[in-house]
Amino acid sequence: VMQFRQDINLLRAIAVIAVMLFHFQPALVPGGFIGVDVFFVISGFLMTNIIFSGIKQNKFSITQFYLKRAYRIIPALAVLCIALLILGWFWLTPLDYRMLGKHVALSLGFVSNFIYSLESGYFATSAHEKWLLHTWSLAVEMQFYFLYPILLIFLTKKFSFINVKRILLIATLISFIIGIIATKLWASGAYYLLPSRGWQLLVGAIAYLYPWQTNNNNKIIFYTGLLLIITSCFVVDKTSLYPGYLASIPVIGAFLVIQAQHNNSILATNSSLQKIGTWSYSIYLWHWPLVVIMHLFALNNYWAYVAMPLAIFLGFLSYNYVETIRFNRSTKAVTTLFNSLPIYCVFFIGLIGSYINLTNGKNANEFLMVYQQILKYPRYCHDSKNINCQIPCNLNKKPIGLLWGDSYAGYLDPFVKTLLNEKNVFISRSTSRSFPSLTIDSMLECNPEKCREQRIACIEDIQNNTYDIIFLAGDWSCIYKRNKDKGFDAIIETIDFCAENAKLVYFFATPINYKNHVTNTFMRSQISLLYSHKIIRDDELAQQINKKFKQ
């Protein structure tokens with residue numbers, strides 16, 4: 001059995017402190033989210049030790065392994081979910097409560113990372129309204145815990161120990177390459193999903209399988225590793241392509257600290273840091289809801305100085321009164337998986353969350369109808385090929401105009417209809433994240449085929465002088481962020497092309513963005529006066545882009 005490693009506990013403390021500082025004071029530690037990468041390396045190291053030690057002694061039980069992981073992770077998470085569901089009943093809007101129910105079920109099923117990869121990016125403003133967003137990392141770990149022992153049992157039966165180590169080295173490299181490629185092609189998926197994160201856990205495995213003989217250099221290696229971790233907190237930020245190759249900085253740092261085995265450093269023996277490391281899992285669980293509270297109630301930065309100590313206190317309570325509960329672990333029977341309190345918690349609380357999601361929360365049908373009316377796109381006239389077409393166009397008439405753009409363009413349908421007069425017909429081709437461009441198909445989050453279809457259809461019609469008037473609209477700041485000057489040039493090229501083939505071209509400025517969800521903010525203000533009524537603009541880049549177009 002491995003002796004307690006104070007250096008690894010120190011890593012846990014540094015990781016959770018970095019994550020908290022990033023979430024509460026991002027300006028101070030812009031890359032603090034790398035703390036999760038450090039946790040992954042630690043998990044990979046410890047799990048590899050447990051599995052290989054058991055296999056070598058012919059004592060490894062996959063059932064016991066799964067149960068111990070469940071006992072370690074589920075109780076504290078279940079208590080958090082119950083607390084949120086109880087408090088949410090009183091303080092959340094019906095739609096917020098419905099989303100919470102959905103996320104509770106997904107979090108306890110350890111598949112929340114799949115949904116979050118599709119809903120929004122980790123750094124998006126809307127992410128701060130998801131009470132259980134941070135459970136994506138638990139989902140990644142549990143998926144790894146489920147697959148990893150099965151893989152190792154299979155490999156150790158087929159190959160020698162040396163070859164198994166080589167195979168894991170190759171798997172680490174493959175996952176790292178996948179992470180780099182996926183970060184460029186699908187940033188959200190790369191951030192949340194196991195295939196692009198697995199190498200970080202496997203680096204921990206490599207640390208166990210290839211231990212270094214550091215001798216008198218352990219102190220140098222130890223502090224080099226810490227320096228890499230701390231440096232990564234400041235050299236990356238939410239605008240970086242991450243995880244990608246940049247994630248190698250904190251991962252290598254954690255790897256070096258583990259290899260150094262320097263347990264006697266001043267930092268590793270610091271009692272406060274050791275306690276935070278011991279409570280780190282529960283601190284991690286409870287800190288994020290406090291971040292969401294800070295966002296929803298628009299609390300100022302002073303809240304951070306209350307919230308961080310509070311998160312540590314809640315972590316202390318959770319560790320001492322929930323995490324340390326001893327469950328029956330004596331039997332190795334597979335039936336034990338279906339006869340343990342943590343597993344019952346998953347099913348029972350998961351069912352409650354699912355029920356809340358399926359029944360729209362707190363009997364909120366009227367509220368839901370009002371909300372959907374607010375969000376409904378008032379599309380008056382659409383190309384028959386466009387998705388979500390509600391009112392068919394009268395194509396017996398020749399269309400006089402074209403509205404081409406993304407979802408922002410879709411909201412301009414009533415304006416365009418009024419401008420062109422009720423008697424005139426226009427075609428509205430608007431798809432989320434699909435920009436008016438001759439060369440750029442879409443943003444990555446859009447369906448590329450649909451956007452390409454839309455682009456080709458618009459170009460063909462414009463070339464054939466189908467329209468007298470063309471309206472171009474979109475979130476130009478978004479295309480500029482992804483493509484920089486190339487994106488700006490593509491927009492100018494599109495404007496010139498339309499001007500050559502139509503009598504009149506209307507070009508709409510970049511729309512105003514807000515740091516908080518405007519509709520949700522209004523709805524919440526109807527529930528409680530405690531919610532912030534402030535609508536905070538986030539249009540600095542939009543103003544720069546509009547100014548650039550005017551020039």
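## Two buried phenylalanines

Both Phe-60 and Phe-65 are buried, a class that means under 20% relative accessible area, with exposed over 50% and partly exposed in between (1.4 Å probe, protein chains only). The model is predicted: local features need pLDDT of at least 70 and side-chain atom pairs count only at pLDDT 80 or more, while totals for chains, interfaces and linings use all residues. Residues are numbered from 1 along each chain as its sequence is written, and side-chain values use heavy atoms, with hydrogens and water left out.

## Aromatic pairs

The whole structure holds 26 aromatic pairs. Rings of Phe, Tyr and Trp (its six-membered ring) pair if their centres lie within 6.5 Å; planes under 30 degrees apart count as stacked, over 60 as edge-to-face and the rest as tilted. The pair of Phe-60 and Phe-65 is tilted, because the ring centres are 5.8 Å apart and the planes stand at 55 degrees. These two residues belong to one aromatic cluster that also includes Tyr-66, Phe-144, Tyr-145, Phe-146 and Tyr-148.

Arg-69 lies over the face of Phe-65, 4.9 Å from the ring centre. Arg-197 is placed over the face of Tyr-191, at 4.5 Å from the ring centre. Such a placement requires NZ of Lys or CZ of Arg within 6 Å of the ring centre and within 35 degrees of the ring normal.

In helix α12 (residues 271–278), the buried residues are Leu-273, Gln-274, Ile-276 and Gly-277. Seen down the axis of α12, they fall within an arc of 165 degrees, so they line one face of the helix; the arc is that of the directions from the helix axis to the C-beta atoms. They pack against α1 (6–24), α13 (280–296) and α14 (303–323).

Trp-279 and Phe-316 have ring centres 5.2 Å apart and planes at 65 degrees, so the pair is edge-to-face. Trp-279 lies in the loop between α12 and α13 and Phe-316 in helix α14, so the pair ties together parts that are 37 residues apart in sequence. Trp-279 is buried, at 16% relative accessible area, whereas Phe-316 is partly exposed at 29%.

## Overall make-up

The protein has 22 helices and four strands; helices (H or I, at least four residues) and strands (E, at least two) are DSSP runs, numbered from the N terminus. Of its 551 residues, 54% count as buried.

Note on methods
Contact means heavy atoms within 4.5 Å.
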